[in-house]
Amino acid sequence: MIKLKTKQEIDKIRESSLIVAETLEMLGKLAEPGMSTGELDRWAHDFIITRGGIPAFKGYRGYPANSCISVNEEVVHGIPGPRRLSEGDIVSIDVGVLKNGYFGDGAATFPVGEVSDAAQTLMEATQLALMKGIEKVVAGGFLGDVSHAVQECAESFGFSVVRDLVGHGIGTQMHEEPQIPNFGAAGTGPMLVEGMVLAIEPMVNAGGWEVDTLSDNWTVVTRDKSLSAHFEHTVALLGGRAQVLTQAGSGILRR
Ligand code: MF3
Ligand code: CO
């Protein structure tokens, strides 16, 4: 069952999501050569706490850190630690916040110093795929429209979408129904209605879509060791259109 949210509930998710957005903005600026992923995680923790939130990932199914930080061929769920970022890396950072009983969830991939054109294109294509998906969040549309738009955009660049991991509904739980694949057919799946809140999160690989999980039981990597990027927004269907909650400003999508 997909739990629909009231305007008041969406405002609470917006508050948590705004902390997510600000945390990601800060971490993106800190992600310079020489910075360790563990230090970034501590910055995330301290910022979220200062803003009155709780880092939502810590302890989730035993996850040991406040954020997920995944470098280069790491897709998602990288565990922050002593690894230092190097010039030319791309780093995917995923943050979740709980505040007033409601969750916000977001992610972005950042360049570390100067990166290759191929890496830059991968990041831009993934972010564009996310926006193409969000544009399909309209009352009366279908969830498959979102999935299809994400896939079509990513594949138009010659990239592939990860099949094994999906986006999700979000609210009083970090993961609610529906699951949101990043591939699929338009016009299929549940109809999109007012009050849905969705965390849409394309993971796009420069090479093949296949992934493996490392022996730490968390870090997901591309099987062919190609680069991977990840962008995620928490989005509400309000007033017939999508509002991006994990972003500063009004978050109202213009089109
Ligand atoms: N942001 C991830 C998601 O959307 C959650 C990370 S898994 C965790 O599913 F264990 F780190 F929380
Ligand atoms: Co998520």
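Student: Leaving aside neighbours within four places in sequence, which residues is Asp224 in contact with?

Tutor: Asp224 is in contact with Gly207 and Gly208. Keep in mind as we go that this is a predicted model.

Student: Why is Asp224 called partly exposed?

Tutor: Asp224 has 43% relative accessibility. Buried needs a value under 20% and exposed one over 50%. Because 43% falls in between, Asp224 counts as partly exposed. As for its place in the fold, Asp224 and Pro55 are 169 residues apart in sequence and 32 Å apart in space, C-alpha to C-alpha.

Student: Let's turn to Thr234. How do you know whether Thr234 is buried or exposed?

Tutor: The relative accessibility of Thr234 is 0%. That is under the 20% limit, so Thr234 is buried. Thr234 is found in strand β14 (residues 233-238).

Student: Which residues does Thr234 touch, not counting those up to four places away in sequence?

Tutor: Among them are Ile13, Ser17, Gly104, Asp105, Ile170, Val197 and Gln243. With Asp105 there is a polar approach too: a polar atom of the Thr234 side chain lies 2.7 Å from the backbone oxygen of Asp105. Gly167 is 67 residues away from Thr234 along the chain, and their C-alpha atoms are separated by 9.7 Å.

Student: Why is Thr126 called buried?

Tutor: Thr126 has a relative accessible area of 0%. Thr126 is found in helix α3, and it touches Pro202, Val204, Ala229, His230 and Phe231, not counting residues up to four places away in sequence.

Student: What does helix α3 give to the largest nonpolar core?

Tutor: The largest nonpolar core has 49 residues, and Val91, Ile93, Val95, Val137 and Ile200 touch the most other members. Helix α3 (residues 117-135) gives the most to this core, with 7 residues. Apart from it lies another core, of 17 residues, including Ala56, Cys68, Ala199 and Trp218.

Student: Which residues does Val137 touch, beyond those up to four places away in sequence?

Tutor: Val137 touches Val146, Leu192, Leu198, Ile200, Val235, Leu237, Arg241 and Ala242.

Student: How is the packing of helices α1 and α2 described?

Tutor: Two packed helices are described by the angle between their axes and the distance between the axes. The axes of α1 (residues 7-30) and α2 (residues 37-50) come within 10 Å and cross at roughly 145°. The crossing in which α1 passes α2 is right-handed. Residues making the contact include Ile19, Met26 and Leu30 of α1 and Leu40, Trp43 and Phe47 of α2. The contact residues divide into 9 nonpolar, 1 polar and 1 charged.

Student: What about phi of His77?

Tutor: Phi of His77 is near 65°, a positive value in a residue other than glycine. His77 is found in the loop between β3 (74-76) and β4 (90-99). At 24% its relative accessible area is between 20% and 50%, so His77 is partly exposed.

Student: Why does Gly62 count as exposed?

Tutor: Gly62 has 53% relative accessibility, which is over 50%, so Gly62 counts as exposed. Gly62 is found in the loop between β1 and β2.

Student: Which residues are joined by a cis peptide bond?

Tutor: Glu177 and Pro178 are joined by one, with omega about 5°. Pro178 is found in strand β8 (residues 176-180).

Notes. Residues are numbered from 1 along each chain as its sequence is written. Chains are lettered from A and ligands numbered from 1 in the order in which they are written. This is a predicted model: local features need pLDDT of at least 70, side-chain atom pairs count only at pLDDT 80 or more; totals for chains, interfaces and linings use all residues. Side-chain values use heavy atoms; hydrogens and water are left out. Axes are lines fitted to C-alpha atoms, for helices over the stretch in contact, and angles run from 0 to 180 degrees between N-to-C directions. Helices (H or I, at least four residues) and strands (E, at least two) are DSSP runs, numbered from the N terminus. A crossing is left-handed if the near helix is turned anticlockwise from the far one by less than a right angle, and right-handed if clockwise. Contact means heavy atoms within 4.5 Å. Ala, Val, Leu, Ile, Met, Phe, Trp, Tyr, Cys and Pro count as nonpolar, Asp, Glu, Lys and Arg as charged, and the others, Gly among them, as polar. A nonpolar core is a set of buried Ala, Val, Leu, Ile, Met, Phe, Trp, Tyr and Cys residues joined through side-chain atoms within 4.5 Å. Buried means under 20% relative accessible area, exposed over 50%, partly exposed in between (1.4 Å probe, protein chains only). A polar contact is a pair of N or O atoms within 3.5 Å; within protein, one must be able to donate a hydrogen and the other to accept it, and residues adjacent in sequence count only if both atoms are side-chain atoms.
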